[in-house]
Amino acid sequence: MSKTKYILGAFADPDEMLLGIDKLQEHNIAIYDVFTPMPIHGIEAKLGIKASRLPKAAFWFGLTGTCTAFAMVYYMLVFDWPMNIGGKPAFAFPDFIPVMFELTILFAAFGMVFTFFFKNHLFPGRSPRVMHLRATNDRFIIAIDAQEVRDAKKIESLLKDAGAVEVLYNDRKYVSYE
C-alpha cells in the first residue's frame, strides 16, 4: 500500500457518485478530487471548492489593457507626433475610446487564457494527469489520497456500498483499463 497514491472509486451514475461523496464526508474522509465526463451542478459546493478568481484576474488584465491603451495613445498623439487637424486639440479623449476598448478586450482575453493554462498546468509539452481513462467517457471518478488514509478496506466498502462499479488502487501516474 506504500506505493499507492490514490484510491479511485468509479461510478456509472452521477447520483451514486454524489451518494459516495456524502458517505465519505460522513466518515470524515478527505476527497482529493472528482472527475466527471459532464458538468454536475452543485458539486463544487458539496466538495467545498471555492469560487474561481478568474473574473478578478480578467478585471485586472482588462484594466491593464485600458491603461496601456490610454498611455500609448496619449504618448503618440500628444508627445511623439502632435498634429493640428482642423484646430482640434491633441488630447481629444473621445478619439481614445475605441483603442482603449479594443486593448481592454485583448488584454483580458489573453490574460485569462494564460492564467487558466498556468493554474491548470496545461503547458505545451506537459503530459496530462489522467486518473482513469473512462472518466472522459462514461465513468464518474472519486479520487482519495491514499497517503492520508489509514483503513483502505473501509473506504473500499464505503464506495462499494454507495454503488461503485470498481475500486482501484492507483500506484502509477495514470490507470489504463482498455
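Among contacts in the chain (heavy atoms within 4.5 Å) between residues at least 6 apart in sequence, 79% join residues at least 24 apart. The model is predicted, and local features need pLDDT of at least 70 while side-chain atom pairs count only at pLDDT 80 or more, whereas totals for chains, interfaces and linings use all residues. Residues are numbered from 1 along each chain as its sequence is written, and side-chain values use heavy atoms, with hydrogens and water left out.

**Overall form**

- The chain has five helices and four strands, taken as DSSP runs numbered from the N terminus, with helices being H or I of at least four residues and strands E of at least two.
- Read from the N terminus on, these elements follow the order β-α-β-α-α-α-β-α-β.
- Along the principal axes, the C-alpha atoms of the chain fill a box of roughly 85 × 30 × 30 Å.

**Surface and charge**

- The accessible surface of the chain comes to about 12100 Å², and 62% of this belongs to carbon and sulfur atoms; areas come from the Shrake-Rupley method with a 1.4 Å probe, and for residues only the protein chains shown count as cover.
- Of the 178 residues of the chain, 30% count as buried, where buried means under 20% relative accessible area, exposed over 50%, and partly exposed in between (1.4 Å probe, protein chains only).
- There are 19 positive and 19 negative side chains, and the centres of the two sets lie 6 Å apart; Lys and Arg count as positive and Asp and Glu as negative, while His and the chain ends are not counted, and the place of a charge is taken as NZ of Lys, CZ of Arg, CG of Asp or CD of Glu.

**Nonpolar cores**

- The largest nonpolar core has 23 residues, and those with the most contacts inside it are Met17, Leu24, Ile142, Ile144 and Leu159; such a core is a set of buried Ala, Val, Leu, Ile, Met, Phe, Trp, Tyr and Cys residues joined through side-chain atoms within 4.5 Å.
- At least two residues of this core are supplied by each of β1 (6-11), α1 (14-26), β3 (140-145) and α5 (152-162), and α5 gives the most, with five residues.
- Leaving aside neighbours within four places in sequence, Leu159 is in contact with Gly9, Phe11, Leu24, Ile142, Ile144, Ala164 and Val167.
- A second, separate core of nine residues includes Tyr6, Ala10, Met131 and Ile141.

**Individual residues**

- Arg139, in the loop between α4 (93-119) and β3, is buried with a relative accessible area of 12%, and its contacts beyond four places in sequence include Phe35, His132, Arg134 and Val165.
- Asn28 is found in the loop between α1 and β2 (33-35) and counts as exposed at 71% relative accessibility; phi of Asn28 is near 55 degrees, a positive value in a residue other than glycine. Most residues other than glycine have a negative phi.
- Gln25, in helix α1, is partly exposed with a relative accessible area of 32%, and Gln25 touches Ile31, Lys46 and Leu47 when residues up to four places away in sequence are not counted.
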